[in-house]
Amino acid sequence: MAYTIDKTYALASKEGASQKASNNYLILHSTANLGASAKNNASYEKRTWNNAYVHFIAGDGIVYEVGTPGYVAWGAGPKVNGLSPVQIEMEESADVDKQRRIYNTYIELARDMAKKYGIPLTLDTGGNGVKTHNWVSQNLGGTDHSDPYGALKRIGVDKAQLANDIANGAGSSVATKPTPSAPSKPAPSSGINWIAQNGVFTLHQNLLLTSDATGNGPLIATIRKGQSVKYDAYAYSGGYVWIRQPRGNGYGYMATGNAKGTKRLDYWGSFK
Ligand SMILES: [Zn+2]
């Protein structure tokens with residue numbers, strides 16, 4: 001864990017909801033308050049909890065806890081608050097580099113908390129999983145917000161990228177440091193059943209090329225929509241169909257769609 005959790009503004013036991021939440025969803029928000037620090041947002045929610053609050057506000061390498069994780073918070077409307085043990089706000093900054101670090105903190109926290117509460121690392125799909133406030137508005141109702149997509153757009157993160165990062169992780173969440181570059185010797189993705197097949201995958205959306213197919217490897221590059229990747233094998237792993245790209249110093253790995261077991265559910269590009 002590279003971020004710090006600060007509990008200065010955590011609600012007291014007599015403040016906020018006292019019911020435990022069911023472990024169905026983890027809700028992603030954005031503060032919609034450009035330039036206001038995570039700390040200021042947390043202090044505001046501590047003062048106005050009887051209006052609305054979430055569990056965590058993610059900042060630049062630091063996270064402020066407001067609501068008690070595992071218990072209901074009032075952040076995403078009556079349809080989901082009782083089903084969401086963790087709701088996270090992302091601080092919004094006009095400084096793009098800082099926003100990226102905040103984003104990395106947000107993603108790392110979301111992944112850690114989803115794992116802690118047994119919530120699948122899927123984004124905005126049916127069933128349990130990580131959901132944006134936007135998804136709640138569009139699919140369940142009871143609320144009309146569309147965050148965090150507007151804020152994510154400012155750093156070039158679309159829904160597909162967010163889904164990838166929730167599944168696989170983003171860069172370092174350490175404050176004021178750039179994201180680490182890929183190592184020269186990528187770790188092998190052993191233990192995965194690779195099926196040999198040579199082909200070319202052309203992306204229909206921006207996707208990540210990472211140094212393993214477990215979802216935890218460092219990023220090699222973001223490959224853009226319309227570009228192609230040559231591969232020599234594919235595999236089903238962790239809810240995705242992966243391809244393996246031979247590189248000068250090993251392999252790069254890319255998720256090309258969702259899978260259930262060995263059944264592909266969708267395509268994020270086309271194969272030749
Ligand atoms: Zn929201």
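Let me begin with a term: by contact I mean heavy atoms within 4.5 Å. Among contacts in this protein between residues at least 6 apart in sequence, 65% join residues at least 24 apart.

What you see is a predicted model, in which local features need pLDDT of at least 70 and side-chain atom pairs count only at pLDDT 80 or more, while totals for chains, interfaces and linings use all residues. Residues are numbered from 1 along each chain as its sequence is written, and side-chain values use heavy atoms, with hydrogens and water left out.

As for the fold, the protein has 5 helices and 14 strands, taken as DSSP runs (H or I of at least four residues for helices, E of at least two for strands) and numbered from the N terminus. Along its principal axes the C-alpha trace spans about 60 × 35 × 30 Å. Of the 272 residues, 53% count as buried, that is, under 20% relative accessible area with a 1.4 Å probe and protein chains only.

Now to the metal site. The zinc ion is coordinated by H29 (ND1), H133 (ND1) and, through two OD entries, D147, at 2.0 to 2.7 Å; donors here are N, O and S atoms within 2.8 Å of the metal (3.2 Å for Na, K and Ca), and water is not among the atoms, so sites may look incomplete. In sequence the donor residues are spaced H-x103-H-x13-D. H29 lies in strand β2 (residues 25–30) and D147 in the loop between α3 (133–139) and α4 (149–153), 118 residues apart, so that this pair links distant parts of the chain. H29 is buried at 2% relative accessible area, and D147 also counts as buried, at 11%.

Conventions
Buried < 20%, exposed > 50% of the residue type's maximum accessible area, 1.4 Å probe, protein only.
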